[in-house]
Amino acid sequence: MDFENAAADLTEMALDGAAYLRTNLPIVDFTKPFQGVLEIYGKKKVLTIDLSTPNELATISYLLTTILDDRVLIIGWNIKELITYLKFNLTNKATINFTAKVIDLRLIEVFSGQNLSAPESLAQAVKRMGAVYTAKNKIIANKIHTPLSMTVIPSMEMSGILDTELRKRVYPYYEIEKQVNGRLQSSKAFPLAIFSHGLTPSDKEKLKLRSEEEVFIYFDFKSMEVAVLQYLSQDQTLAKMLVGDCYKNIWTALFNSNCETPEQRKLIKECFLPIVFGLGITGIMEKTGCSQEAATALTKGLRSRFKKAFEYVDNYQEGHLVEDHFGRKRYFDDPKSYLIRNFVIQAPAAIICMEKLIDLYQVVGDKLLLSIHDGYVIRCNPKFDKPLIVQCKKVLESPSQLAPELKLSVDCGIGIRLNKMKPLKI
């Protein structure tokens, strides 16, 4: 390509103070040359850059990151895909560090309950940005979407773990704001992709770290959604349950006796949140095998003891358009749907999980390997990295900037295989 003319066009866009970036096709398999182009829209011009030639990517990245500098607003569309593709193909060749302010319009729009096609011009992108860049959305864009897109997820995706059966490195693949409740969505989107959220014991057995001296460390939040429910509802009775094992404590509060068996704890764990989310009497009977009388008593008991928690969720079932605590919006056909009850707890919990994923990355960098539901996997050498493990637990349990009074606690496991993790006391 003619890099001299490209540099001139980018310079003109930079002087105008804004540019809109998108690829003409999604970049899914970042391990192969992308047979498509990057389109950069300025006020007057559109620059098209072929991304299929690996030897040109270093120069392209240099132009993008140096000419589109800190004076420029970049409006992106699925920009995480571009960043992962560039970083993966430039490993040990060049670094990519955007100093421009980058906002992903698609993520903000989906967060706002809109599912639109990509804009066709910078003017359209700016107009649509103005419609959704509210105070709440600005916080989420700056603190969650941008660091995930530009840094954290590309680092995880390109890290790679050895698959001993394939004898190749395999890679996690994530999509932001893809799920209704805002969780990161993982999928086996291309041949060497890992479906992180659905790893079977057999899958876990095949995954191995490159260094024999390193092990997997798994951090998993304890009762994350229960803690988020308590924070949102400010139910002080539920707060007391979170001191120690919350499910054992709920059993004791309900039945005025100690939780003495794993079956008793399992009953509460399998029923408490589902009942909050709308599980009815018939569903409880099917899940537990209990009588109708016992299922009714369990529901009434939970509702009476954790009145504020249930009221918080009940109050959202009044309309079709629902906005959660952090501003995420979703439309529901049925205002009485259990999906609304799920959404108003699980969506804020997703934001906290992503915030803590970013916090963890700031501690461990490229040692961060996977995000799995309410947990994270890193690699480390336990002989030298014990202080790092302690620091990880500390940062994960530290107060959230977005939810300062939320009480978080994590369990930790260690192992040379993900299916052979042992508890690690820190």
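Good morning. On a 1 Å grid over the protein atoms alone, a cavity is a set of points where a 1.4 Å probe fits but cannot get out, and lining residues have an atom within 4 Å of a point. Grid points are joined across faces, edges and corners, and a volume is the space filled by probe spheres set on the points.

The model is predicted: local features need pLDDT of at least 70, side-chain atom pairs count only at pLDDT 80 or more, and totals for chains, interfaces and linings use all residues. Residues are numbered from 1 along each chain as its sequence is written, and side-chain values use heavy atoms, with hydrogens and water left out.

How many cavities of 30 Å³ or more does the structure hold? There are two. The largest cavity has a volume of about 50 Å³. Its lining includes Leu 21, Arg 22, Trp 77 and Glu 81. Strand 1 (18-23) and helix 3 (79-89) each supply at least two of the lining residues; helices (H or I, at least four residues) and strands (E, at least two) are DSSP runs, numbered from the N terminus.

Let us turn to helix packing. Helix 1 (residues 3-16) and helix 2 (residues 57-67) pack at an angle of about 20 degrees, with axes (lines fitted to C-alpha atoms over the stretch in contact, angles running from 0 to 180 degrees between N-to-C directions) 10 Å apart. The two helices are therefore roughly parallel, a term for angles under 35 degrees. Thank you.

Conventions:
Angles under 35 degrees count as roughly parallel, over 145 as roughly antiparallel, 65 to 115 as roughly perpendicular and the rest as oblique. On a 1 Å grid over the protein atoms alone, a cavity is a set of points where a 1.4 Å probe fits but cannot get out, and a pocket is an open set with protein on both sides within 12 Å along at least five of seven lines; lining residues have an atom within 4 Å of a point.
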